[in-house]
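Subject: Structure handover

Hello,

Below is the structure you asked to have passed on. My notes on what was found in it follow.

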Amino acid sequence: MDKTIISGDQPFGESLALSGHLGMSKPPMTAGEFQFLLPLVVPISAVEETEKFLRQSGLRDCEGAVLWIAEGGSESFTVRRVIAPMQTASRWHFDVPLEERIRIAMTLKEKELVLLQVHSHPEEAFHSPTDDRKAMIDRQWALSIVVPNFCSDGMRDLDKLAAYALRGPLDWVQLSTDQLQRLLVIQ
């Protein structure tokens, strides 16, 4: 399987009956769990930058992944930067080496945190067992969004995305479309 190294460190919210690909469903996020999440204000420029990177990766027939770096306030988080880490990718996976994760952590400013990862799949949006294990985020309630079709249709139609929160080590829950729409504030 061909792999491509991708680099690009640039600044720059249904039904609760959720299913996963090939029976790999995740439990739905409960209302009690959802209360732990603060709204995430996402500048349209961060969405555009993310879409551009994921589409470029898709043109190489590769998944792509970016991180959204945010600052927290008392009532919400705001995405301040998008980082496309150095990654090895193929049509069916991406991998970010530990050294790159450490490098990114060292670039975070005092109030910044890695709040969310966004990655693409060639077809259906779901969180695979590999996605569970290889996630770049490891903080409780951090988010992972999966965009279908190598982001060819963009990521603004939240109904087409799959979103997950890390409840505990290797323990992911799926957000409903309604939860994702209440969580992401794109402006």
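Asp132 and Lys26 form a salt bridge, with 3.1 Å between the closest N and O atoms; the term stands for a side-chain nitrogen of Lys or Arg within 4 Å of a carboxyl oxygen of Asp or Glu. The two residues are 106 apart and link distant parts of the chain: Asp132 belongs to helix α4 (residues 129-134), and Lys26 to the loop between β1 (4-8) and α1 (31-34). Helices (H or I, at least four residues) and strands (E, at least two) are DSSP runs, numbered from the N terminus. Both Asp132 and Lys26 are buried. Buried means under 20% relative accessible area, exposed over 50%, and partly exposed in between (1.4 Å probe, protein chains only).

Before the rest, the conventions: this is a predicted model, in which local features need pLDDT of at least 70 and side-chain atom pairs count only at pLDDT 80 or more, while totals for chains, interfaces and linings use all residues. Residues are numbered from 1 along each chain as its sequence is written, and side-chain values use heavy atoms, with hydrogens and water left out.

Other salt bridges

The structure holds eleven salt bridges. In one of them, Glu51 meets Arg156, the closest N and O atoms being 2.8 Å apart. Glu51 sits in helix α2 (residues 44-59) and Arg156 in the loop between β7 and β8, so this pair ties together parts 105 residues apart in sequence. Glu51 is buried, at 4% relative accessible area, whereas Arg156 is partly exposed at 44%.

Arg167 and Asp171 also form a salt bridge (2.9 Å, N to O). Arg167 is partly exposed, with a relative accessibility of 26%, and Asp171 is partly exposed as well, at 27%. Through salt bridges that share partners, Glu33, Arg167 and Asp171 are joined into one network.

Strand β8 and its partners

Strand β8 covers residues 162-168; six of its seven residues are buried, so the strand is largely enclosed by the rest of the structure. Strand β7 (residues 143-147) runs antiparallel to β8 and is joined to β8 by four bridges; two strands count as paired if DSSP finds at least two bridges between them. β8 also pairs with strand β9 (residues 171-175), in the antiparallel sense, over five bridges. Tyr164 of β8 stands opposite Ser144 and opposite Gln174 in β9. β8 and β9 make a hairpin with two residues between them, and Leu170 in the turn has a positive phi of about 55°.

Cavity and pockets

These come from a 1 Å grid over the protein atoms alone: a cavity is a set of points where a 1.4 Å probe fits but cannot get out, a pocket is an open set with protein on both sides within 12 Å along at least five of seven lines, and lining residues have an atom within 4 Å of a point. Grid points are joined across faces, edges and corners, and a volume is the space filled by probe spheres set on the points.

The largest cavity has a volume of about 30 Å³. Its lining includes Leu143, Ile145, Ala163 and Tyr164. At least two lining residues come from each of β7, β8 and α5 (177-183). By class, the lining of this cavity has nine nonpolar, no polar and no charged residues. Here Ala, Val, Leu, Ile, Met, Phe, Trp, Tyr, Cys and Pro count as nonpolar, Asp, Glu, Lys and Arg as charged, and the others, Gly among them, as polar.

Among the residues that line it are Leu67, Arg101, Ile104, Asp138 and Arg139. The elements giving two or more residues to this lining are α3 (98-107) and β6 (112-120), and the largest share, three residues, comes from α3. The lining has eight nonpolar, no polar and three charged residues.

The second largest pocket holds about 150 Å³. Twelve residues line it, and Glu63, Trp92, His121, Pro122 and Phe126 lie nearest its centre. That lining is made up of three nonpolar, five polar and four charged residues.

Cysteines

There are zero disulfides in the structure, a disulfide being a pair of cysteine sulfur atoms within 2.5 Å. Cys62 is buried at 2% relative accessible area, and Cys151 is buried at 0%.

Regards
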